[in-house]
Amino acid sequence: RIALCGRMEQHFEHRIIPSLYLSGDFVDYFRVDERRIAFYLADVSGHGASSAFVTVLLKFMTTRLLYESRRHRNRPLPEFRPSDVLGHINRGLINCKLGKHVTMLGGVIDESTGKLTYSIGGHLPLPVFYSDGQARYLEGRGLPVGLFEEAGYEDRELQLPESFSLALFSDGILDLLPGATLKDKEALLPQMVGEAGGTLEGLSRVFGLANLGEMPDDIALLVLSRKGA
């Protein structure tokens, strides 16, 4: 949990369920400065130790980028834009030549304006936004991170209400949904988030996460929420 200034608090909760002993799914959230909080969910291609190693590299790259951003306010990335972060990781993974790519969702919340800025790096399913009893996908698209040197990423913005939740999932969650096609499964996900009330506890219940057996893919969930004063 990360507490914000003022009368409201932002809550971050996550859960990762590996298909093997080590997971290629990763979530992180941290304070950028006194007014901004950043977060992301990443799904590394493959499974096991090699993919888990890339998650460590992701943490190193974002931490290093944050350090440089704080150290040189007037140089590149003074705003720590999600699209720039994805571009930085894309170049880093390609230069490392690890044969791995990543799908990612990343965002920054500005407490002073109540605005969410986010960027998509080839990731499905898209984030599910829940407010006033309604759940819907956020819009966005982009290429996977670590595959194409010329890849570009775009920032999208959303003005956040006083009460909301935003649920991020790795694609392993789709294995738990009924449906003959990927489109059928994706259509059900916002409905499941609505049934869960947009909470991690509710999602764990509706997906039966406490009773899972052996899974074909890693599963990661990150839920950030805020309740009005």
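This is a short tour of a predicted model, one selection at a time.

Residues are numbered from 1 along each chain as its sequence is written. Local features here need pLDDT of at least 70, side-chain atom pairs count only at pLDDT 80 or more, totals for chains, interfaces and linings use all residues, and side-chain values use heavy atoms, with hydrogens and water left out.

**Stop 1: helix H1.** Select residues 48-71. Helices (H or I, at least four residues) and strands (E, at least two) are DSSP runs, numbered from the N terminus. H1 has 24 residues and reaches 35 Å from first to last C-alpha. That is close to the 34 Å expected at 1.5 Å a residue (1.5 Å times one less than the number of residues).

Now colour its buried residues, including Leu 57, Leu 58, Met 61, Leu 65 and Leu 66. Buried means under 20% relative accessible area, exposed over 50%, partly exposed in between (1.4 Å probe, protein chains only). Their cover includes strands S2 (25-31), S3 (36-44) and S4 (102-110), and helix H2 (82-96).

**Stop 2: Leu 105.** Find Leu 105 in strand S4. Leu 105 is buried, at 1% relative accessible area. Beyond its neighbours within four places in sequence, its contacts (heavy atoms within 4.5 Å) include Phe 39, Leu 41, Ile 120 and Pro 125.

**Stop 3: Pro 125.** Move to the loop between S5 (115-121) and S6 (128-131). A cis peptide bond joins Leu 124 and Pro 125, with omega about 0 degrees.

**Stop 4: two positive phi angles.** Most residues other than glycine have a negative phi. Select Lys 97, in the loop between H2 and S4. Its phi is positive, about 55 degrees. Lys 97 is exposed, at 74%. Then select Asp 132, between S6 and S7 (134-137). Asp 132 also has a positive phi of about 55 degrees and is exposed, at 76%.
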